[in-house]
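Please consult the sequence and structure shown below while reading.

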Amino acid sequence: MNIVKRYLIKETTYSILLIMAALLAMFAFFDLLQELESVGKGTYGLGKIMLFVILSAPGHIYEIVPVAVLIGTIYSLGQLSRNSELIILRVSGMSILNIGITLLRIGLVFALITFIVGEAITPISEKTAQRIRIKAIDSVIAQDFRSGLWVKDGKNFVNVEQVLPDAQLVNIHIYEFDESFQMKAINQAKTGTFNGETWDLTDLTQTSLSKNNVKSTHLEKSQWKSLIRPELMNILLVLPEKMSAWNLYSYISHLNKNKQKTSRYDIALWAKLVYPMACLVMVMLALPFGFLQQRSSGVANKLFAGVLLGIVYQVLNKVSLHLGLLNDWTAFTSAVMPTFLF
């Protein structure tokens with residue numbers, strides 16, 4: 001790699017990192033303002049709020065990297081164009097194709113960073129942040145229904161009124177059905193804790209139903225073997241869009257085994273796989289800006305156009321995912337369409 005290419009890579013990378021830092025600071029500030037409303041609830045003080053904001057940062061990094069690549073590359077090329085350095089690069093023997101390939105290398109690096117952050121860091125940091133917040137304000141994990149969480153477990157249906165941040169289940173109702181889908185038993189337990197293979201239930205009441213009678217027994221402790229695992233409870237802590245691809249795949253497999261709809265998680269999985277490639281698309285989208293208005297000081301206009309394009313991409317990406325979910329589009333189409341159009 002010659003000096004000219006190293007210079008181009010250095011200037012572009014610096015601009016991208018600068019834009020990324022600015023966007024990250026903005027999102028962190030908004031998070032801080034939002035969390036300040038919860039100060040004083042339980043033990044949720046300023047220290048834990050700051051920790052929550054810091055742990056939420058990787059999720060924002062994952063979202064803003066493609067936009068930062070677009071704006072940073074446009075800014076870098078705009079500066080080079082303004083100072084006539086692009087002309088010097090061309091005169092020194094770099095064709096537009098060579099410049100594009102060099103920039104694609106930068107895009108590839110940031111695509112890998114996006115993938116690594118989204119797969120290895122964001123799911124863990126997001127889960128930890130939510131657990132800290134929930135524990136501090138003496139709350140439980142939010143549910144979609146007032147009656148709590150409902151899960152299909154083979155032929156059985158399980159209702160859990162509360163799920164604590166450590167994945168402990170509180171007030172469990174297990175409705176067992178036979179082959180003809182007739183209810184045969186109702187089991188109610190006060191708490192459930194996973195021991196690695198099965199769930200340890202406490203204060204269990206078993207009610208067996210038959211055509212002739214109803215029999216009820218009470219046990220202080222009992223074992224419950226179920227397909228449900230604590231990992232599945234992470235769905236309640238982390239949005240599907242911020243889960244790792246492996247966890248999404250595992251949860252989709254669980255839903256498929258229980259013959260449940262997987263559309264939202266299918267779309268999230270494909271978006272997870274496609275989204276990092278947006279960095280490469282953004283680099284190519286930014287390249288023409290360097291060759292517009294080379295003799296005028298149009299950096300501000302180019303930067304504004306870059307910001308506008310970045311916003312349009314993010315909005316279009318969100319809209320496409322939601323429209324795909326509402327209209328039952330294929331997951332691949334919903335996830336790929338915005339990046340393909342750009």
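## Packing of H4 and H8

H4 and H8 are roughly antiparallel to each other, a description that applies because angles over 145 degrees count as roughly antiparallel, under 35 as roughly parallel, 65 to 115 as roughly perpendicular and the rest as oblique. The axes of H4 and helix H8 (residues 278-286) cross at roughly 150 degrees and come within 7 Å. Axes are lines fitted to C-alpha atoms, for helices over the stretch in contact, with angles from 0 to 180 degrees between N-to-C directions.

On the H4 side, the contact (heavy atoms within 4.5 Å) is made by Gly-100, Leu-103, Leu-104, Gly-107, Leu-108, Phe-110, Ala-111 and Thr-114, and on the H8 side by Cys-279, Leu-280, Val-283 and Met-284. By class, there are 9 nonpolar, 3 polar and no charged residues. Ala, Val, Leu, Ile, Met, Phe, Trp, Tyr, Cys and Pro count as nonpolar, Asp, Glu, Lys and Arg as charged, and the others, Gly among them, as polar.

## Basis of the model

The model is predicted: local features need pLDDT of at least 70 and side-chain atom pairs pLDDT 80 or more, while totals for chains, interfaces and linings use all residues. Residues are numbered from 1 along each chain as its sequence is written, and side-chain values use heavy atoms, leaving out hydrogens and water.

## Packing of H1 and H4

Helix H1 (residues 3-35) and helix H4 (residues 96-136) have axes that come within 12 Å and cross at roughly 25 degrees, which makes H1 roughly parallel to H4. Helices here are DSSP runs (H or I, at least four residues), numbered from the N terminus. The residues in contact include Ile-9, Ile-16 and Glu-35 of H1 and Ile-106 and Arg-133 of H4. This contact divides into 9 nonpolar, 3 polar and 3 charged residues.

His-60 lies in helix H2 (residues 46-82) and counts as buried at 10% relative accessibility (buried is under 20% relative accessible area, exposed over 50%, partly exposed in between; 1.4 Å probe, protein chains only). The side chains of His-60 and Asp-31 are joined by a polar contact of 2.6 Å (N or O atoms within 3.5 Å, one able to donate a hydrogen and the other to accept it; residues adjacent in sequence count only if both atoms are side-chain atoms).

Thr-122, in helix H4, is buried at 1% relative accessibility. Its side chain reaches the backbone oxygen of Pro-58 at 3.2 Å.

Note on methods:
Helices (H or I, at least four residues) and strands (E, at least two) are DSSP runs, numbered from the N terminus.
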